[in-house]
Amino acid sequence: MTMIFGVPLAVFTGQLLLGLINGAFYALLSLGLAVIFGLLKIVNFAHGAMYMLGAFATLLGMRYLGINYWAALLLAPLAVGLAGMLIERLLLRRIGHLDHLYGLLLTFGLALIFEGTLVNFFGVSGARYPTPESLAGGYQLGFMFLPKYRAWVLLAAIGVCLFTWYMIERTRLGAYLRAGTENPALMQAFGVNVPLLVTLTYGFGVALAAFAGVLAAPLYPVSPTMGSNLLIVVFAVVVIGGMGSILGAIVTGLAMGLIEGLTKVYYPEAANTVIFLVMILVLLIRPTGLFGKEA
Amino acid sequence: MTFIKKTLVSSIAIAATAAMATAAQAEISDGTVRIGYLADMSGTYRDLAGPGGLEALEMAIEDFGGSVDGAPIEVFSADDRNSADVGANTVREWIDQRDVDLVAGMVASSVTIAVTKVLEENDGFGIVSGSAASSITNEHCTPNHVHWVYDTYPLANGTARAVVEQGGDTWFMLTADYAFGHALEGDVEKVVTENGGTIVDKVRHPFPTDDFSSYILQAQGSGAKIIGLANAGSDTVNAINTASQFGVVEAGQQLAGLLVFLNDVHAMGLDTTQGLLLTTGWYWNMDDESREWAERYYERVGSMPTMVQAGIYSSTMHYLEAVQATGSDDTQTVREYMMKQPIHDFFARNGRIREDGRMVHDMYLARVKSPEDSTHEWDLYEILTTIPAEEAYRPLSESQCDLVQN
Amino acid sequence: MATTQTMTPSMKRERRANLRRNAFYLALIVIGLVAPFVAYPVFLMKVLCFALFACAFNLLLGYAGLLSFGHAAFLATGGYVTGYLLSSYPALTPELGILSGTAAAVALGAVFGALSIRRQGIYFAMVTLALAQLMFFFYIQAPFTGGEDGLHGVPRGELFGIISLRNSLVMYYFVFAIFLFGFALIQRTVHSPFGQVLKAIRENEPRAVSLGYNVDAYKLVAFILSAGLAGLAGSTKTLVFQLASLTDAHWHMSGEVILMTLLGGVGTLFGPVVGAGLVVSLQHLLAQSPLGNWVGPILGAIFVLCVLSFRSGIVGEAIKMYRKNFK
């Protein structure tokens, strides 16, 4: 058997691939955070809850409305996105003029409400969502067994990330968004409906989280707490990458997934902490983050 | 306010005692039997005990008649949120402020160990039904609690031994990286090597973990016949689900879940869990007596009881019978009586409480049915063999408990 | 006599205000001394520990404008170090145990502070949260914490080797003394020149920089002080309940202390005390009521309400009302 630093090649490459898949989730979530942060300047602490709601919408949609996975892939982010727009309109807007820390606290409170309420109805054991028929089974790659569904997750997540990047960096709507980030007052003067743009942006950001939730539903148990611990890791990813760039969020997310995968091969005890250690290192060397701009 | 009420109540109690001029230990304190139910009501372990366990406790009290010789039975309940400090503080207050005579339930081992320390200090009494750690009646034993349903020793002894005997002699251990997992891992290693098997490799995963894919990959790379899961609750569920996604069973490896509850199997479904070997202290469909009780429970709760929920009913009954027989709710009087009485009900067969507080009873090796063999939603296990009470648990000769004279 | 005659009206006003303040403090101390005779001492001790924790947190948020989302790490560090030392070295007296726990929290505060004050505002919150999560995972695996099981049966021991703390009433007065010490320290700090500079930084950091203050050094000292006092609260809590567990290290705890401070009143001396009292009582009452399962959503709803329309908190609103009606 080929060995890499004392680890069989099969395990090594397999772990890298799995790390990349985890990284795709980090990328999707930190991308959503970055999009929201860009315009609203708040850190959406409810992002984990939105991811969780996306998974729950998928699960409950199948259970009670007979909505299949592929439809859920579109409908769940739409539903959660609409809920997010409502939250922005009714709650976040009212504190828009305040210190942005209040936004963090408000969304933290919302996350507690969503999680706690669902725990009361569904417990925390987690429900299982079946892998869609067409993606069951896997490929024997020789060096590892790759379940089809995971390959799909990787492709779908990276695809959506790149699509988002393209939309923001290369389209007119994206140009508005970037301009709104730089100078909202000027945009308003030019006749752009900035409040609407803000609402749509928040909706889109949480829809990205919900999309990640749909992808996660067949992979992990669907439980009310599935988002909260993941979110803290994503926060660390965001600190490492800096919120400045869309591409930065994507690249950092994928890279952190890879690093976590490698840690699992060589020192699994540190798998939970390695991203935080990287964060400390980045803070020491480059406090604004790898892709961050000077504040 | 509670303070004033309490003084008032206890002074009345003192007056009553003096008036009747009876021996203090043959009295039910304050003329009320108070039972506190402490469990995880909202977290990871909610479904294996939780609100269902409270319902089982209340069933026991109703079946007993609601009072002991005219003394009413009062129930308190609290959510320990799997936190040792919440649990210990609640129990401290129950004893200080409400004169709670029995603490029942108790799930997470960490909470239980903390609570038993409080019970010992304040001369309270507890019956542990939900916890797994065998240390609860080993190095952490106290004269103030007994341990009912099961512990890690028979889990290893039952499942791991059976698996090795069926030819599963090379193991890869997947262990939750904390005390409970370490203990279970240790017990399994002992059983496997004693029976001629070997542990090929092991990996410890953080607690809790959602994503087991990389560990499963390592287990596949190890070439071991058996992947032993020394974890519990959502970790076990996640590991089994992930293994199914990676086609572990199809590739010829077998999983050994060492602590799997009925609700876990129900949640995961038979497609994923079929063929899984497990050790259980009770199964609702194992005979007429069990079925009869389980169906009554089902009507109240809407799901079939786990072994923990059944054990709560069984232990509460035994406790109330002891209070009635001795006419006292004094901890040592009741405990002594409970130890003398053999336990034989719908839950426990050949049961007795040893001096270390361990209630030993017959345990069962079960296999999860295939979807084809299962006739309805809760028809999940097939009982393979009975592990006799005296063989199932850690022998007293190996005990580190101070209450055992070795 | 001569001095009284030369007093200006403003000095008189100030003197009256001082008298009123002293009378207020005195009344509170008397209430604190009598409290264990009317309420359950263990519950009161819990309130005092969390009140000190919230006061420590408020020092950072209310006076330096830094929102730490990782204060659980200091509470837990104080608790674990004290618990471990007192359990393993029976000869150690409780006050030394508490001192060691506090010292450990100070050390951790120095490291975390140095790392986190490199970023501001929301980034600061996220960095502290991530660092605390790192400590959480560390404490799960570190051998001396007992991992998931935690530390139990920590002996309360004899204060100064003489006074047994086993009795709840004796323990209460010890905890009360610690709380008073912590509170007085915070009060002195806030009203000192150091505290004034902190407030200046909070209001306008660039201006403070241009005035020549070493802003980072001020923030770091405030961070360390806050961490140390949080550690003191954790150490004391461990002694009261005779256990240390992961609950104190979990990020929920960091969230709870924010809620306590926000509810009571950010940037007021008494706000955190009132907030801690309310939150602890609420959890206590809910846990034993039919609403027991709803603790999380209820706390979340209070959070949302506080942020939307009650940002000054209870004490803050009370001060506003007092100023409006009596001045």
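Two parts are counted as in contact when heavy atoms lie within 4.5 Å. By that rule, 34 residues of chain C are in contact with 45 residues of chain A. The model is predicted, and the values below are computed from it.

The interface of chain C and chain A buries about 3,700 Å², and carbon and sulfur atoms give 80% of that area. No salt bridges are found across this interface; the count is zero. Four residue pairs are in polar contact between chain C and chain A, with both residues of each pair at pLDDT 80 or more. On the side of chain C, the elements that give two or more residues are α6 (121-141), α11 (251-264) and α13 (295-309). Helix α6(C) provides the largest share of that side, 13 residues.

Chain A also meets chain B. Here 27 residues come from chain A and 28 residues from chain B. About 2,400 Å² is buried between these two chains, and carbon and sulfur atoms account for 51% of it. Between chain A and chain B there are zero salt bridges, while four residue pairs are in polar contact, both residues at pLDDT 80 or more. Chain A gives two or more residues to this contact from each of α1 (9-40), α4 (101-122), β4 (145-147) and α10 (246-266). With five residues, α1(A) makes the largest share of the side of chain A that touches chain B.

Chain B itself can be read as two domains. The assignment gives domain 1 as 2-150 + 287-361 and domain 2 as 153-280 + 363-392. Their C-alpha centres lie 31 Å apart, and the contact between them takes 20 residues from domain 1 of chain B and 19 residues from domain 2 of chain B. The two domains bury about 1,600 Å² between them, with 67% of it on carbon and sulfur atoms. On the side of domain 1 of chain B, the residues that lose the most area to domain 2 are Y150(B), M307(B) and H361(B), which together make up 29% of what that side buries.

What polar links cross between the two domains of chain B? The rule finds one salt bridge across their interface, and two residue pairs are in polar contact, both residues at pLDDT 80 or more.

Some details within chain B follow. Strand β7 (residues 170-176) of chain B runs parallel to strand β8 (residues 198-205) of chain B, and seven bridges join the two. One of the pairings is that of L174(B), whose bridge partner in β8(B) is V203(B).

Over all chains, a search of the whole structure finds 24 salt bridges. Among the salt bridges in chain B is that of R296(B) with D63(B), whose side chains meet at 2.8 Å, N to O. This pair links distant parts of the chain: R296(B) belongs to helix α11 (residues 288-301) of chain B and D63(B) to helix α2 (residues 50-64) of chain B, 233 residues apart. Another salt bridge joins the side chains of R352(B) and E390(B), at 3.2 Å, N to O.

Terms used. Residues numbered from 1 in each chain as written. Chains lettered and ligands numbered in written order. Predicted model: local features only at pLDDT ≥ 70, side-chain atom pairs only at ≥ 80, totals over all residues. Heavy atoms only, no water. Pairing = 2+ DSSP bridges. Helix = DSSP H or I, 4+ residues; strand = E, 2+ residues; numbered from the N terminus. Domains from an automatic or database assignment. Buried area = accessible area lost by both parts, 1.4 Å probe. Salt bridge = Lys/Arg side-chain N within 4 Å of Asp/Glu carboxyl O. Polar contact = N/O pair within 3.5 Å; in protein donor to acceptor, adjacent residues only side chain to side chain.
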